[in-house]
Amino acid sequence: MTQRFAAMDASNTERWQQLDSAHHLHPFTDPKELKNNAVRIIESAQGIYLTDSDGKEYLDAMAGLWCVNMGYGRQEIIDAVSAQVQQLPYYNAFFKTSHPPAAELSALLSEVSPGYMNHTFFTSSGSEANDTVLRMVWRYWDILGKPEKRVVISRKNAYHGSTIAASSLGGMEDMHKQGGIIPNIVHVEQPYWFGKRCESGADLDAQQFGREVAQSIADKIEELGEGRVAAFIAEPIQGAGGVIVPPESYWPEVKKICAQYDILFVDDEVICGFGRTGHWFGSELYGLKPDLMPIAKGLASGYLPIGGVMVADRVADVLIDQGGEFNHGFTYSGHPVCAAAAIANIKLMQTENIVETVRESTAPYLQKRLRELSDHPLVGEVRGVGMLGAIELVEDKDNYVKFDKARGVGIICRNHCFENNLVMRAVGDTMILSPPLIMQQSDIDVFIERAWKSLDMTQQSLA
Ligand code: PXG
């Protein structure tokens with residue numbers, strides 16, 4: 001029989017570790033490996049710092065999982081949530097009903113987004129948002145009498161979520177290997193210059209590469225026939241794919257292609273949205289004009305699960321005026337308590353002028369200090385925009401040679417980060433940061449110091 005309760009004399013940490021190991025199946029984790037390695041139990045958090053069950057404090061340079069943009073312990077969000085739970089903990093948005101939080105939030109979203117984005121369909125996560133995207137895109141073309149427009153073009157190594165539709169839209173091979181992919185989704189090259197530079201072993205002009213990769217979208221449309229292509233989906237900057245900041249030439253070229261062909265452009269703002277790039281949405285950074293924008297994460301700073309799809313007028317007009325019933329929705333679409341958290345979070349962003357502060361002060365300082373890490377012998381490239389950064393570790397920086405994957409250098413570095421009271425995420429051998437937007441310059445100095453130390457220790461471990 002499974003041991004239900006840990007020994008009573010075990011410390012709290014051990015008890016939770018044992019319970020977790022016995023009963024909790026973790027996302028994106030090898031369960032067998034976890035059995036032999038006690039998990040870290042995060043028990044509380046304040047501002048940008050986490051505290052584990054042994055009282056050790058960590059600077060959370062990942063904002064949870066790219067989401068706690070306004071930091072932990074914000075009283076305004078806590079109060080809004082607790083008031084809403086008492087007022088109306090649940091009601092649905094089906095059958096001609098709504099409630100104040102859903103109505104207010106949809107209006108607030110239209111206020112903070114580009115002028116042509118005026119409608120939102122709510123979900124509980126980014127994955128559900130991208131499932132909704134697929135259904136909406138297909139619905140849109142059906143209504144317009146073009147049901148043969150079915151194919152969505154995405155990019156290799158993209159992450160758009162973990163449900164079957166979202167993981168199919170994503171370009172993660174390891175996910176496709178386990179679940180297959182649904183029909184009518186194809187993937188083109190990602191604008192990952194450094195990776196290509198290392199792989200090719202030859203000089204590679206970044207701007208030329210950016211244009212070529214953009215061109216591969218047009219090539220794919222031509223190959224399939226424009227009449228079959230429904231949409232192109234991309235994040236302004238790929239997040240979980242390794243913070244892939246495209247060469248400057250990329251987006252202007254992609255914009256031209258999207259305008260040239262009759263296809264929808266889906267801009268996944270789940271990570272880039274809500275101030276992460278120093279703009280309300282990543283699309284504004286690159287002057288993109290999306291038709292649909294999946295959102296989640298920073299929408300409520302992760303306090304409660306909420307996502308959605310923002311719909312541009314061009315698409316909304318068709319769905320609303322010509323479509324009839326859209327047979328799609330979730331029990332928790334627009335959940336009042338989650339919506340209340342999102343409203344409080346967005347209002348906090350507005351009163352604290354966080355987007356401007358990030359754009360004009362915090363992000364330039366973070367990016368400047370991050371670049372100093374390029375001098376470290378292990379660092380092949382530092383890249384980043386706004387409050388997103390990547391530190392790519394390589395074996396030979398002068399000759400663009402990556403480490404053998406099997407050495408697990410990223411994981412070694414991540415473990416040293418934890419030792420040094422710092423949380424960074426490893427994507428392969430690239431160390432990723434996406435810290436809370438409320439970070440101050442003094443916090444950035446602490447981050448850089450701990451990151452240097454962790455890089456030094458990684459170098460020692462590899463010697
Ligand atoms: N789109 C993008 C761009 C994302 O980054 C999703 C959609 C899906 O959102 P939900 O809420 O369903 O998880 C994401 C999520 C990681 C990691 O390891 C990244 C995400 C989720 C889990 C882990 O970096 N991004």
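A: Let's start with the residues that touch: Met 136, Arg 139, Tyr 140 and Ile 143 of H6 meet Arg 314, Val 315, Val 318 and Leu 319 of H13, where contact means heavy atoms within 4.5 Å. Sorted by class, this contact of H6 with H13 holds six nonpolar, no polar and two charged residues. Here Ala, Val, Leu, Ile, Met, Phe, Trp, Tyr, Cys and Pro count as nonpolar, Asp, Glu, Lys and Arg as charged, and the others, Gly among them, as polar.

A word on the source: this is a predicted model, in which local features need pLDDT of at least 70 and side-chain atom pairs count only at pLDDT 80 or more, while totals for chains, interfaces and linings use all residues. Residues are numbered from 1 along each chain as its sequence is written, and side-chain values use heavy atoms, with hydrogens and water left out.

Now the geometry. Two packed helices are described by the angle between their axes and the distance between the axes. Helix H6 covers residues 126-143 and helix H13 residues 313-321; they pack at an angle of about 65°, with axes 10 Å apart. Helices are DSSP runs (H or I, at least four residues), numbered from the N terminus. The axes are lines fitted to C-alpha atoms over the stretch in contact, and angles run from 0 to 180 degrees between N-to-C directions. H6 and H13 are therefore roughly perpendicular to each other (65 to 115 degrees; under 35 is roughly parallel, over 145 roughly antiparallel and the rest oblique). Their crossing is left-handed, meaning that the near helix is turned anticlockwise from the far one by less than a right angle, whereas clockwise would be right-handed.

Of the 16 residues around the ligand (a heavy atom within 4 Å), Trp 66, Gly 126, Ser 127, Asp 268 and Arg 425 come nearest. Polar side-chain atoms also lie by ligand oxygen atoms, at 2.8 Å for Trp 66 and 2.7 Å for Arg 425.

For another pair, look at helix H4 (residues 75-87) and helix H14 (residues 336-351), which pack at about 150° with axes 8 Å apart. That makes H4 roughly antiparallel to H14, and their crossing is right-handed. The residues of this contact divide into 10 nonpolar, two polar and one charged.

Conventions
Helices (H or I, at least four residues) and strands (E, at least two) are DSSP runs, numbered from the N terminus. A polar contact is a pair of N or O atoms within 3.5 Å; within protein, one must be able to donate a hydrogen and the other to accept it, and residues adjacent in sequence count only if both atoms are side-chain atoms.
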